[in-house]
Amino acid sequence: ANAATTPANTDKQPASVDKQLPKKCDKKMKRSPIDERLKLTDEQKQQAHEIRMKGHKEMKPIFDKIKAKKAEIRQIAENQKLSEDQKTKKIDALEVEILKLKQQARKVRIQNAKEFEAILTPEQKAEFNKMKEEGRKMHMMKKRNGHKKPAKFPQQAPQK
């Protein structure tokens, strides 16, 4: 587990990781608000990047399967040879499979979050927990407002 962080491997690791990195993620790694707010060290940034890439690698096949199942649902819905009852049964079965895949994806996300938190100092963990709580509050606001993007963050909202 620590082999990737030894000096002998750190020189070789970024090149292979960068090759796998999607273009849009490459920009995020350089100026991630999380990295900045947590004041991650260069070593922590590299470890976090490796955790993200591992997560991306694990999630891609899951998302590909979900995408394929959704396409299958669309085909079934458009199939005029099937009765409504047949369509419903097939679509329900596919939706159960999609739900299982989403649960699998959630487990991967939770595991990756635990791995990320393991590289943080106690102070960084406290700040990270504060960030998660802020995210939860934003999610609840969006949910209450019908997923409309609020004009300002809750702490910046004018007092009434």
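User: What share of the residues of the protein count as buried?

Analyst: First, some housekeeping: this is a predicted model, where local features need pLDDT of at least 70, side-chain atom pairs count only at pLDDT 80 or more, and totals for chains, interfaces and linings use all residues. Residues are numbered from 1 along each chain as its sequence is written, and side-chain values use heavy atoms, with hydrogens and water left out. Now, buried means under 20% relative accessible area, exposed over 50%, and partly exposed in between (1.4 Å probe, protein chains only). Of the 160 residues here, 24% count as buried.

User: Which elements is the protein built from?

Analyst: Helices (H or I, at least four residues) and strands (E, at least two) are DSSP runs, numbered from the N terminus. This protein has seven helices and zero strands.

User: How do I read a helix, say helix 6: what does its span come to?

Analyst: The expected span is 1.5 Å times one less than the number of residues. Helix 6, residues 84-118, has 35 residues and reaches 50 Å from first to last C-alpha, close to the expected 51 Å.

User: Which residues of helix 6 are buried?

Analyst: Here's the general idea: an α-helix has 3.6 residues a turn, so residues three or four places apart point the same way. In helix 6, the buried residues are Lys87, Ile91, Leu94, Ile98, Leu101, Ala105, Val108, Asn112 and Phe116. They pack against helix 4 (33-38), helix 5 (42-78) and helix 7 (122-144).

User: How many aromatic pairs are there?

Analyst: A pair of aromatic rings is described by the distance of the centres and the angle of the planes. Rings of Phe, Tyr and Trp (its six-membered ring) pair if their centres lie within 6.5 Å; planes under 30 degrees apart count as stacked, over 60 as edge-to-face and the rest as tilted. That gives one aromatic pair. Phe116 and Phe128 sit edge-to-face, 5.2 Å centre to centre with 65 degrees between the planes. Phe116 belongs to helix 6 and Phe128 to helix 7, twelve residues apart. Phe116 is buried at 9% relative accessible area, and Phe128 is buried at 11%.

User: Is Gln44 buried or exposed?

Analyst: Gln44 lies in helix 5 and counts as buried, at 7% relative accessibility. Its side chain makes a polar contact with the side chain of Gln124 (2.7 Å). By polar contact I mean a pair of N or O atoms within 3.5 Å; within protein, one must be able to donate a hydrogen and the other to accept it, and residues adjacent in sequence count only if both atoms are side-chain atoms.

User: How many salt bridges does a search of the whole structure find?

Analyst: Look for a side-chain nitrogen of Lys or Arg within 4 Å of a carboxyl oxygen of Asp or Glu. The search finds twelve salt bridges. One of them joins Arg37 and Glu127, with the closest N and O atoms 2.6 Å apart. This pair links helix 4 to helix 7, 90 residues apart. Arg37 and Glu127 also belong to a network of salt bridges with Lys130 and Glu134.

User: What does the phi of Lys39 look like?

Analyst: Most residues other than glycine have a negative phi. Lys39 has a positive one, near 55 degrees. Lys39 lies in the loop between helix 4 and helix 5 and counts as exposed at 66% relative accessibility.

Key:
Contact means heavy atoms within 4.5 Å.
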